[in-house]
Amino acid sequence: MAASFELYLDGDGCHRFRLVALDGSLMLTSEAFAHEDAAIAGIWAVREVAVAGRIVDLTDPTADS
């Protein structure tokens, strides 16, 4: 079984999604979306960019920008 994206309505009635790891831990929570299809498009965008996304370490003050 893989991690899952959960689509839900927040307390203000906005659509959001969260990524939940296999062990149930919360990995990320999205911004608020006015429409469900926009939230679903956000899920697809995260899935696409996460595969090839690079890691940028901003914690090292001596690293080149």
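Strands E1 and E2 (residues 15–20) run antiparallel and are joined by 6 bridges. Strands here are DSSP runs of E with at least two residues, numbered from the N terminus, and two of them pair if DSSP finds at least two bridges between them. This is a predicted model, where local features need pLDDT of at least 70, side-chain atom pairs count only at pLDDT 80 or more, and totals for chains, interfaces and linings use all residues. Residues are numbered from 1 along each chain as its sequence is written, and side-chain values use heavy atoms, with hydrogens and water left out.

**The sheet**
- The open sheet has 3 strands in the order E1-E2-E3, with antiparallel pairing.
- E1 (4–9) and E3 (26–29) sit at the edges with a single partner strand each, so one side of each has no neighbour in the sheet.
- On average, neighbouring strands are turned by 25° against each other, direction ignored (axes are lines fitted to C-alpha atoms, and angles run from 0 to 180 degrees between N-to-C directions).

- Across from Leu7 you'll find Phe17 in E2.
- E2 and E3 run antiparallel too, joined by 3 bridges, and Leu19 stands opposite Leu28 in E3.

**Val20**
- Val20 belongs to strand E2 and counts as buried at 11% relative accessibility (buried means under 20% relative accessible area, with a 1.4 Å probe and protein chains only).
- Leaving aside neighbours within four places in sequence, Val20 is in contact (heavy atoms within 4.5 Å) with Ala3, Ser4, Glu6, Ser25 and Met27.
- Val20 and Ala41 are 21 residues apart in sequence and 18 Å apart in space, C-alpha to C-alpha.

How values were computed:
Helices (H or I, at least four residues) and strands (E, at least two) are DSSP runs, numbered from the N terminus. Buried means under 20% relative accessible area, exposed over 50%, partly exposed in between (1.4 Å probe, protein chains only).
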